[in-house]
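These are my notebook entries on one protein model. I looked up the cores, the aromatic pairs, the charged pairs and some backbone angles.

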Amino acid sequence: MNYIRHLNGVLRKFAKDRHANPTHISLYMALFQYWNIHRFPELFFVDRAEIMTWSKIGSKATYHRCLHALDSWNYLLYLPSHNPYKGSQIKMLIFDTTPEQVLDKHGTSDGQASVPILKHNKHYKTDINGPRPKNLKEALDFFEKKEGSPYEAKRFFMHYSAIGWKMGKAPIQDWQAAAENWMLKADAQQTHPDPKNKKRPVISDHLTTQNDKDYDQPL
């Protein structure tokens, strides 16, 4: 899926759509960015609060109304969930360089075959290090390779595992870059030195003073 041609196609469709207003377009662009971050999967779960923040929509009623409108106008396929612990799903319909080349909800178009999503997913995976390590051992091996602390490797892995491998609200795109940044901060702060490495003691600021002292006086 060529996202530039897709954007050109969908923006051309919006320009000719007399029903669409700026709120619909803002919601669609927020969903497109979310889709982009997740490597253009065929279906993806959405975080309503996050999408509302990105699209600058403050009302849940407006959000759901616009989402149902985009579904009925064949911009996307909306699969609502009635489970409060499981998010709703979205399928973004594919657009190309002409208005007629939009997929319908059955995954077909007027003579335009869609490009398999999995082919592009494989392509993206070869270009980046991945959003997360496979397991703790992979994180430990990477920290060891970069001369980092095993203790910091465990802290790094447990911290980001607990928050779903996100940086703020956005998913981590390259965990190795995030790990190197973690090591730099740990090195600078020295708040949790490796217990096995005694070459970097933490020096208290209370030992530094500008006052003259009389060391003949008892403590």
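**Basis.** I worked on a predicted model, in which local features need pLDDT of at least 70, side-chain atom pairs count only at pLDDT 80 or more, and totals for chains, interfaces and linings use all residues. Residues are numbered from 1 along each chain as its sequence is written, and side-chain values use heavy atoms, with hydrogens and water left out.

**Terms for burial and elements.** I took buried as under 20% relative accessible area, exposed as over 50%, and partly exposed as in between (1.4 Å probe, protein chains only). Helices (H or I, at least four residues) and strands (E, at least two) are DSSP runs, numbered from the N terminus.

**Nonpolar cores.** I defined a nonpolar core as a set of buried Ala, Val, Leu, Ile, Met, Phe, Trp, Tyr and Cys residues joined through side-chain atoms within 4.5 Å. The largest has 28 residues, and Leu 27, Tyr 28, Leu 31, Leu 76, Ile 90 and Met 92 touch the most other members. Two or more residues each come from helix H1 (3-16), H2, H3, H4, strand E2 (76-79) and strand E3 (89-92). H2 gives the largest share, seven residues. I also recorded a second, separate core of 14 residues, which includes Phe 143, Tyr 160, Trp 165 and Ile 172.

I then listed the contacts (heavy atoms within 4.5 Å) of Ile 90. Leaving aside neighbours within four places in sequence, Ile 90 is in contact with Leu 31, Glu 42, Leu 43, Phe 44, Val 46, Leu 67, Leu 76, Leu 77 and Tyr 78.

**Helix H3.** I examined H3, which spans residues 48-55 and has Glu 50, Ile 51, Met 52 and Ser 55 as its buried residues. These pack against helix H2 (22-37), helix H4 (60-72), strand E4 (166-167) and strand E5 (170-171). At the start of H3, a side-chain oxygen of Asp 47 comes within 3.1 Å of the backbone nitrogen of Ala 49. I checked this against the rule for a polar contact: a pair of N or O atoms within 3.5 Å, where within protein one must be able to donate a hydrogen and the other to accept it, and residues adjacent in sequence count only if both atoms are side-chain atoms.

**Positive phi.** Most residues other than glycine have a negative phi. I noted Lys 56, which follows H3, as a residue with a positive phi of about 60° although it is not a glycine. Lys 56 lies in the loop between H3 and H4 and is exposed, at 73% relative accessibility. Phe 40 also has a positive phi, near 55°. It is found in the loop between H2 and strand E1 (44-45), but Phe 40 is buried, with a relative accessible area of 4%.

**Aromatic pairs.** I paired rings of Phe, Tyr and Trp (its six-membered ring) if their centres lie within 6.5 Å; planes under 30 degrees apart count as stacked, over 60 as edge-to-face and the rest as tilted. The count comes to 18 aromatic pairs. Phe 142 and Trp 175 are edge-to-face, because their ring centres are 5.3 Å apart and their planes stand at 65°. Phe 142 lies in helix H6 (residues 136-145) and Trp 175 in helix H8 (residues 175-189), so this pair ties together parts that are 33 residues apart in sequence. Both Phe 142 and Trp 175 are buried. Phe 156 and Trp 182 form another edge-to-face pair, 5.8 Å centre to centre with 75° between the planes. This pair links helix H7 (residues 150-162) to helix H8, 26 residues apart, and Phe 156 and Trp 182 are both buried. I found these four residues in one aromatic cluster, together with Phe 143, Phe 157, Tyr 160 and Trp 165.

**Salt bridges.** I counted a side-chain nitrogen of Lys or Arg within 4 Å of a carboxyl oxygen of Asp or Glu, and the whole structure gave three salt bridges. Lys 91 pairs with Glu 42, the closest N and O atoms being 3.8 Å apart. Lys 91 lies in strand E3 and Glu 42 in the loop between H2 and E1, so the pair joins parts 49 residues apart in sequence. Lys 91 is buried, with a relative accessible area of 14%. Asp 141 and Lys 137 meet at 2.9 Å, N to O, and both lie in helix H6, four residues apart. Arg 155 and Glu 152 also meet at 2.9 Å, N to O, three residues apart in helix H7.
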